[in-house]
Amino acid sequence: MSSILVFCKDCGKQVPSAEARDQLCLDCRVRKSVADLRDEHARLWRKRERYKSSQANVEQIGRQIARVEDRMGARIKELVPNERHAVDLLRRELETARGQRYTIKGV
Ligand SMILES: [Zn+2]
């Protein structure tokens, strides 16, 4: 295991060079790899809010959201060998996705 430290070019965090790829730390690589799915999740989440009055639509969108979450989880697991860490990162990405809802809602 190399002890050389490098700065992540995205968040500036210092990480062991073995953990960095393309000068990015693992957290930032995860964030970038699920960015499109996170946007999709946020979009579906807002859609579900709009359709709250129609139960049928809400259920269908709920299933779509669950599928996007599964795909995010699968992508994160490919990057993160440690399962516990992978789960933590997925939770953080989902919180970010749901947080976007509020940001956009306020516009
Ligand atoms: Zn980083």
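Analyst: Lys-13 has a relative accessible area of 37% and is therefore partly exposed, a class that lies between buried (under 20% relative accessible area) and exposed (over 50%), as found with a 1.4 Å probe on protein chains only. The model is predicted, so local features need a pLDDT of at least 70 and side-chain atom pairs count only at pLDDT 80 or more, while totals for chains, interfaces and linings use all residues. Residues are numbered from 1 along each chain as its sequence is written, and side-chain values use heavy atoms, with hydrogens and water left out.

Lys-13 forms a salt bridge with Asp-27, with 3.4 Å between the closest N and O atoms; the term stands for a side-chain nitrogen of Lys or Arg within 4 Å of a carboxyl oxygen of Asp or Glu. Because Lys-13 lies in the loop between β1 and β2 and Asp-27 in helix α1, this pair ties together parts that are 14 residues apart in sequence. Helices and strands here are DSSP runs numbered from the N terminus, with at least four residues (H or I) for a helix and at least two (E) for a strand. Asp-27 counts as buried because its relative accessible area is 18%.

Arg-92 belongs to helix α4 (residues 83–105) and Asp-27 to helix α1, so here the parts tied together are 65 residues apart in sequence. Arg-92, with 31% relative accessibility, is partly exposed. These contacts belong to a network of salt bridges that links Lys-13, Asp-27, Arg-38, Arg-92 and Glu-93. Arg-75 forms a salt bridge with Asp-36, in which the closest N and O atoms are 2.8 Å apart. Since Arg-75 lies in helix α3 (residues 55–79) and Asp-36 in helix α2, that pair ties together parts 39 residues apart in sequence. Arg-75 is partly exposed at 26% relative accessibility, and Asp-36 is partly exposed with a relative accessible area of 47%.

The zinc site comes next. The protein donors of the zinc ion are the SG atoms of Cys-8, Cys-11, Cys-25 and Cys-28, lying 2.3 Å from it; donors are N, O and S atoms within 2.8 Å of the metal (3.2 Å for Na, K and Ca), and water is not among the atoms, so sites may look incomplete. The four donor atoms subtend angles of 107 to 114° around the zinc ion, and the arrangement is therefore tetrahedral, a label given to four donors if all angles lie between 85 and 135 degrees. For comparison, the ideal angle for four tetrahedral donors is 109.5 degrees. Along the chain, the donors follow the spacing C-x2-C-x13-C-x2-C. Within this set, Cys-11, in the loop between β1 (5–7) and β2 (14–16), and Cys-25, in the loop between β2 and α1 (26–33), form a pair that links distant parts of the chain, 14 residues apart. Cys-11 is partly exposed at 42% relative accessibility, whereas Cys-25 is buried at 1%.

Finally, the chain as a whole has four helices and two strands, which follow the pattern β-β-α-α-α-α when read along the sequence. Of its 107 residues, 30% count as buried.

Note on methods: Tetrahedral: all angles 85-135°; square planar, octahedral: opposite > 155°, others 65-115°.
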